[in-house]
Amino acid sequence: MSRPGSVEVVVSTYNHPRALNLVLHALLRQSCSDFRICIADDGSGPATGALLVAWRARLGDRLRHIWQADHGFRKNRILNQAIASSGADYLIFLDGDCLPCPHFVARHLALARPQRFCTGGVIRLSPASSERVQAADVDSGTVFTTAWLQAQGALYSTSARLKAGVYPPWASRLAERLTLVKRTWNGGNSSTARINLIRVNGFDENFGYGAEDIELGFRLNNAGIRGCHLRYTAPVLHLEHERAYAQPGDRS
């Protein structure tokens with residue numbers, strides 16, 4: 001497929017400005033820079049707003065921020081607003097606590113096809129390791145090196161080592177073709193053409209916390225839009241944190 005005419009990375013967030021700042025640093029050092037960024041904000045407070053004002057001064061019109069009032073976990077609603085208001089042909093979705101590897105955007109675009117969605121993997125950091133990450137570590141690329149990840153105990157499985165690039169690149173690509181892991185939509189690391197999301201009516205806003213992303217993948221599959229793994233070749237680093245919104249009623 002030829003490169004999509006315009007690309008936007010949609011970053012979902014809620015009251016975690018420290019992590020969001022690190023995510024924006026990671027997006028700024030992507031090997032492919034021809035994309036815009038939309039922060040889909042499910043009701044964050046003033047700290048996140050102030051952070052994004054500072055980033056807007058740096059990124060200009062490349063960054064936009066859409067916000068809705070905090071009436072409980074309504075991530076799907078704000079993501080649908082992001083989809084509806086986007087002018088991009090291709091959308092890449094990223095959670096605001098997930099640091100994309102340097103070739104994250106480029107890999108999503110390399111695998112993009114009209115009747116396809118791409119679904120990626122995650123390397124999970126411990127709470128202690130997550131707290132250690134600083135913007136300078138992201139800017140330098142240190143946090144994405146196998147040495148740093150190994151020192152943090154993050155390379156705990158063959159899967160994690162494949163994602164981190166411990167093995168030759170061909171091994172990660174082969175693993176993506178052979179893995180038995182289902183090709184489900186992963187809200188923290190997935191992409192597809194915007195028209196595909198419109199075709200299936202976007203995210204189901206009746207969902208609360210949990211499985212809201214997987215359900216979208218089922219509907220895309222039913223519409224003939226098939227999943228493609230980039231599970232081992234375009235990982236994100238997940239910053240562990242408390243999730244008050246994970247319990248029903250905590251944000252109502």
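Mentor: Let's take the contacts topic by topic.

Trainee: What ground rules apply here?

Mentor: This is a predicted model, where local features need pLDDT of at least 70, side-chain atom pairs count only at pLDDT 80 or more, and totals for chains, interfaces and linings use all residues. Residues are numbered from 1 along each chain as its sequence is written, and side-chain values use heavy atoms, with hydrogens and water left out.

Trainee: Aromatics, then. How many aromatic pairs does the count come to?

Mentor: The count comes to 4 aromatic pairs. The rule: rings of Phe, Tyr and Trp (its six-membered ring) pair if their centres lie within 6.5 Å; planes under 30 degrees apart are stacked, over 60 edge-to-face, and the rest tilted. Take Phe93 and Trp185: the ring centres are 5.5 Å apart and the planes stand at 65°, so this pair is edge-to-face.

Trainee: Where do Phe93 and Trp185 sit in the chain?

Mentor: Phe93 is in strand β4 (residues 90–95), and Trp185 is in the loop between α9 and β8 (189–193). They are 92 residues apart, so the pair links distant parts of the chain. Helices (H or I, at least four residues) and strands (E, at least two) are DSSP runs, numbered from the N terminus.

Trainee: Are Phe93 and Trp185 buried or exposed?

Mentor: Both are buried. Buried means under 20% relative accessible area, exposed means over 50%, and partly exposed is in between (1.4 Å probe, protein chains only). Trp185 has a relative accessible area of 1%, so Trp185 counts as buried.

Trainee: Which other aromatic pair does Trp185 form with Phe203: stacked or edge-to-face?

Mentor: Trp185 and Phe203 are edge-to-face, 6.4 Å centre to centre with 75° between the planes. Phe203 is in the loop between α10 (194–199) and α11 (212–222), 18 residues from Trp185. Phe203 is at 5% relative accessibility, so Phe203 is buried too.

Trainee: Which residues do the ring pairs link into a cluster?

Mentor: Phe93, Phe117, Trp185 and Phe203.

Trainee: And charge over a ring: what lies over the face of Phe35?

Mentor: Arg62 does, at 4.5 Å from the ring centre. The test is NZ of Lys or CZ of Arg within 6 Å of the ring centre and within 35 degrees of the ring normal.

Trainee: Switching to salt bridges. How many are there?

Mentor: The count comes to 5 salt bridges. Each needs a side-chain nitrogen of Lys or Arg within 4 Å of a carboxyl oxygen of Asp or Glu. One of them joins Arg56 and Asp61 at 2.9 Å, N to O. Arg56 is partly exposed at 38%, and Asp61 is exposed at 58%.

Trainee: What about Lys75 and Asp95?

Mentor: Their side chains meet in a salt bridge at 3.0 Å, N to O. Lys75 lies in helix α3 (residues 75–85) and Asp95 in strand β4, so the bridge ties together parts 20 residues apart in sequence. Lys75 is buried, with a relative accessible area of 13%. Asp95 is buried as well, at 18%.

Trainee: And where do Glu176 and Arg107 lie?

Mentor: Glu176 is in helix α9 and Arg107 in helix α4 (residues 104–111), so that pair ties together parts 69 residues apart in sequence. Their salt bridge is 3.2 Å, N to O. Both residues are buried, with Glu176 at 5% relative accessible area.

Trainee: Which residues make the nonpolar surface patch?

Mentor: Trp170, Leu174 and Leu178, covering about 340 Å². Patch residues have over 30% relative accessible area and no salt bridge; like charges are joined within 9 Å, and nonpolar side chains (Val, Leu, Ile, Met, Phe, Trp, Tyr) within 5 Å. Areas come from the Shrake-Rupley method with a 1.4 Å probe; for residues, only the protein chains shown count as cover. Leu174 lies in helix α9 (residues 169–178). At 31% relative accessibility, Leu174 is partly exposed.

Trainee: Last topic. How many disulfides does the search find?

Mentor: The search of the whole structure finds 0 disulfides. The test is a pair of cysteine sulfur atoms within 2.5 Å. For Cys38, the nearest cysteine sulfur is that of Cys98, 17 Å away. Cys38 is buried, with a relative accessible area of 0%. For Cys98, the nearest cysteine sulfur is that of Cys101, 12 Å away. Cys98 is buried at 4% relative accessibility.
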